[in-house]
Amino acid sequence: MRLQALTKCAAVAGALALPFAAVVPGAAATTGGAGSAVAISAGGPVAVPPTPAVTSDAQRPVRKSVVELPPNPIVEARLLNAAAWSGHARASVADLRLLKLGLRASLVTAKCENGNGVSHLVKATLNGRTLKADAAPNTAVTVNLTGVGAATVTLNRHVRDKDGNLTVTAIEVSATVAGQTQTISIASATCGKGAQPGEPGQPPSGPSDPSDPGAPSTPTTPPSAAPIPTPITGDLPVTG
Amino acid sequence: MSDETTARGVPGPPVAVPVVLAVAAVLVSGCGGGGGTAGNGSVSPAAGGALPQATTYTTLKDLPADPSPSAALDGTVVHPAETAPVSAQPGAPAVAELPAAQLKGDTWVPVVESRPGWKRVLLPSRPNGVTGWIPDSGLKTARSGQAIKVDVGDRKLTLLNAGRPAGTWPVAVGAPKTPTPVGRTFLLASLAPAKPTFSPLILPVGAHSATLDTFGGGPGTVAFHGWPSTSVFGKAVTHGCVRVPADALKRLAKVPLGTPVVITA
């Protein structure tokens, strides 16, 4: 079947691409909790639900694939793959095009293993400029969207949460247009730290990395005070 | 792609029909922003609007329970500017939607856990303590410095401000056959009945009676409210609600929506 053939093709492409960017493996491939992977998602004025998304703590990979991203105004992509298993996650996207941003890539992959992650780009260009295949973690590029605002493109974005889980996102776009923030995540893989003390292979970055400017999910300003409610005229039969 | 009206859905099944029509009219006429122009070409995460809405009227399946129902929360509360997709795990497919409004007021829910790009929040639906993950884009984040504790055994309510007691009152709690459910929930809405019968203000929370599937035509939602007779305070006599003295109600009226409510046995 065509779909399966395409999926296999993408899986092979991912397997071929990934060795170029070898992860320093964890000391032990023991359980690292659930892995999760998302090929593409977007939030803001144009929301694209995670497509496909998979979360699993099984010992064998759980895979999901989508041949083509459903039409939307901001991002085109084919052969979207996500796979996850205990302590591991992989995501890949082929034929990526974000035309409004001038971003193209023939293949985008992200992989996370026991708390270590890496991402990789094949034939990626931003407004005609070639992007590094293996950018350093949290490499940020600012793009001027003529007349409407600016966008930050973060390559190989690494964010570690307080539990030690790492999320590596191959390309994260954050754009502010007319006061609204649009985010697009391409190839994102999350995995737990696993049970290895010392973490020799940990990437030199984290959630507080100052070189990570476009992080909409980690606001640095403290939240404002929640509003005091104004009673709404109405009634709800409650349990007296 | 489905059209805007069906994609957004209409919250709250038991609302009277004319109100539903009015709400639908508002949604169609302007709530979407830009009056339906192509400028805000939102792709609804729930194409077709088939997902259940997280409201006090619904029961949500396939979503995780509150991991620590008796622990204190840090007071972070979020308001979705638009209907937010709700997933069982960060990045997992949405299985429900959290509308921007609850009981005609703004939705504010407390955050119990955060991951990059995602917030896990308490939801106002059954079962009690149901949580879900929502994308943190499009969320307004704020902080409530207050918390409400209800000790069912002692029949007392304590209002905390910055972690310190700001007032303690004797309250009426659920009778033995219709107990006030314990666990972590939150202030869901502030309602002023047009013709008050027993209280000028009803403050529903996210929890529901475990023994009453419906009550008085409602979904069995637990609430804080006043009571005409002061003799009930300190007694276990209600159908699950927490009846509070007038000065407690006055103080609770100023507590932000989404503020954590911890009910202990």
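Helices (H or I, at least four residues) and strands (E, at least two) are taken here as DSSP runs, numbered from the N terminus, and two strands pair if DSSP finds at least two bridges between them. The model is predicted: local features need pLDDT of at least 70, side-chain atom pairs count only at pLDDT 80 or more, and totals for chains, interfaces and linings use all residues. Residues are numbered from 1 along each chain as its sequence is written, while chains are lettered from A and ligands numbered from 1 in the order in which they are written.

Within chain A, eleven bridges pair strand S11 (residues 149-160) with strand S12 (residues 166-177) in the antiparallel sense. Here Thr152(A) stands opposite Ser174(A) in S12(A).

The contact between the chains takes 38 residues from chain A and 57 residues from chain B, two residues being in contact if their C-beta atoms, placed from the backbone, lie within 7 Å. On the side of chain A that touches chain B, the largest share, five residues, comes from S2(A). Strand pairing also links the two chains: S14(A) and strand S9 (residues 139-143) of chain B run parallel, joined by two bridges. Ser224(A) stands opposite Ala142(B) in S9(B).
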